[in-house]
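Dear colleague,

I am handing over a structure to you with this email, and below it you will find what turned up when I went through it. Please keep the structure open beside the text as you read.

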Amino acid sequence: MRGAWTTTRVRDAEDRLLRRVPSARLMRRAAYGVAVEAAVMLRAHTGGTSGRRVVLLVGAGNNGGDALWAGAFLRRRGVDVTALLLAPGRAHPEGLAALRRTGGRVVEVGDHDEVTAVAPRLAAADLAVDGIVGISASGPLRPVAAEVVSRLSCPVLAVDLPSGVDPDTGAVPGPAVRATATVTFGARKPLHLLGPGSEHVGELRVVDIGLGPELGEPDLRALDRHDVGLGWPVPGPADDKYTQGVVGVAAGSSVFPGAAVLATGAAVAATSGMVRYAGPAADAVRSTWPEVVVTGSVEDAGRVQAWAAGPGIGVGETGRRVLEQVLAAGLPTCLDADAITLLARHEELWDLHDPDTTWVLTPHEGEFTRLAGEVGTDRVDAVRRAARRFRCVVLLKGNTTVVADPDGHVLVNRSTSSWVSTAGSGDVLTGMIGALLASGAEPALAAAWAASAHELAGELAARGAPIGASALVPSVSEAIRVLRRSAGLLP
Ligand SMILES: NC(=O)C1=CN([C@@H]2O[C@H](COP(=O)(O)OP(=O)(O)OC[C@H]3O[C@@H](n4cnc5c(N)ncnc54)[C@H](OP(=O)(O)O)[C@@H]3O)[C@@H](O)[C@H]2O)[C@@H](O)CC1
Ligand SMILES: Nc1ncnc2c1ncn2[C@@H]1O[C@H](COP(=O)(O)OP(=O)(O)O)[C@@H](O)[C@H]1O
Ligand SMILES: [K+]
């Protein structure tokens, strides 16, 4: 599990730490971590450090101060260091003095002409250290910084974060540094876990500067494969088909049986518990998944511990009746697709919500907008607010999946591939979450585990070529195997 802290929380922690540790020492600790990583990168890319050319991109604040101090440390190893001051007259004074003491070169780059003048130096650099802006960044990079960044062709080491990426949201509002590696201090910030900004981070190293004891609980977390594999429910010696949870699936229609087949198949693959299907696509479900107990309606479905409902049920009267019956059961329920649209349209359906029984809502961005308004650039905040407002677990789909519970806890899963971005793959996710809910998994974890296994199933099924959602279902088992292997539970 990897945690991240917002910039406000990091600053508060830093303030507390500064009561015990002088700020100059803190900056030198941070900068030393940058210098060590820079030396590693120089060796990896050029075979050595002495005489290698490093440019420091130095902004107006402490992020630039870190870069300048790192430059001073690198000078002691014989590195040829040039600082480009992008906010001339405002560079960190002590850092600048330290670099000058060690023989570093300093060039002011305050306008377009000065950028042009340093272009040959940028082109000849073996490594650039990005100290343009750190956690105080706001908005897109200023023009001079943006122009310098656009001219970079060497490996880049970002200080704290790649400049141009919003630290708290991971949004990339304009040109931004694409780092080969990033050294951050004491704590990951949200951008390190959230797309699209996290794609600019490269290899991430967190350097300990003593901030740990001051940080408290992270604002958001990303699960590792290891965590998902450890948690995934599998049958034990005392289990039978009922003890592992029975999930009911209410999906699809006679005209569109696909959603029913996909969601039900995914529920079968996700856990060893039993799966019941209730709805008009019973024949198609029975002929594809013979292990599923099928009935024509939710009322006749028999006992279940959780429901997965919504995909393909329609947003008309029939769909609404199906949803009412599911919600009236008062069980943990994963609600997707048409169920979300119906909840957005018919406020009275919320009367069926007992806040002590968790609903997991899994909207894509369009469904989210219908339900809770525009997502905006701060996806974490939007999902957290929706989860609080509806007293539900909300999972917002996309390249970075964000899961929030009503108490404000957030789990994120940034996908390393996009193969699951195909029609019907959301139905597969719904079935998986339903099965996990029936097994008794904590709802937010169920949602986050499913997102992680779903993405991995996509990768395994695709093996480099596009797939349809049907191909995902048989890969769910393999994905769970990989996750459990990561947790050391399989050889
Ligand atoms: N937290 C910790 O524990 C530790 C923190 N440390 C370090 O301090 C860093 C934070 O430093 P910081 O607060 O001085 O601000 P920083 O991010 O350098 O920004 C400086 C100025 O940049 C400007 N600017 C803003 N947006 C911009 C844009 N889009 N494009 C261009 N420029 C932009 C804006 O200036 P303005 O021109 O608006 O006055 C802003 O004031 C942190 O990231 C880490 O590296 C470590 O040393 C030790 C431990
Ligand atoms: N660019 C992307 N990268 C990774 N995953 C994605 C991307 N776009 C969508 N997804 C995932 O694909 C699935 C699509 O679900 P959904 O939009 O409900 O599709 P459908 O309604 O067709 O089933 C979700 O799990 C979502 O997180
Ligand atoms: K930076």
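Around ligand 2, helix 15 (residues 425–438) contributes the most to the shell, namely 4 residues, where helices (H or I, at least four residues) and strands (E, at least two) are DSSP runs numbered from the N terminus. Please bear in mind that this is a predicted model, in which local features need pLDDT of at least 70 and side-chain atom pairs count only at pLDDT 80 or more, while totals for chains, interfaces and linings use all residues. Residues are numbered from 1 along each chain as its sequence is written, and chains are lettered from A and ligands numbered from 1 in the order in which they are written.

The shell of ligand 2 holds 17 residues, of which His364, Lys397, Ser418, Ser421 and Gly426 come nearest; a residue is near a molecule if its C-beta atom, placed from the backbone, lies within 6 Å of it. Sorted by class, this shell has 4 nonpolar, 11 polar and 2 charged residues, with Ala, Val, Leu, Ile, Met, Phe, Trp, Tyr, Cys and Pro counted as nonpolar, Asp, Glu, Lys and Arg as charged, and the others, Gly among them, as polar.

Finally, an unreviewed UniProt entry lists Asn63, Asp130 and Ser163 under "binding site"; its positions are given in the numbering used here, feature names are shortened, and annotations may be inferred rather than shown by experiment. These residues span 101 residues in sequence, yet no two of their C-alpha atoms are more than 9.9 Å apart, so they gather at one spot. Asp130 has its place in strand 5 (residues 127–131) and counts as buried because it has 33 C-beta neighbours inside 10 Å, the rule being that 20 or more other C-beta atoms within 10 Å of its own make a residue buried, 12 or fewer exposed, and anything in between partly exposed, with C-beta atoms placed from the backbone. Ser163, in the loop between strand 6 (156–159) and strand 7 (181–185), is likewise buried, with 29 such neighbours inside 10 Å.

Best wishes
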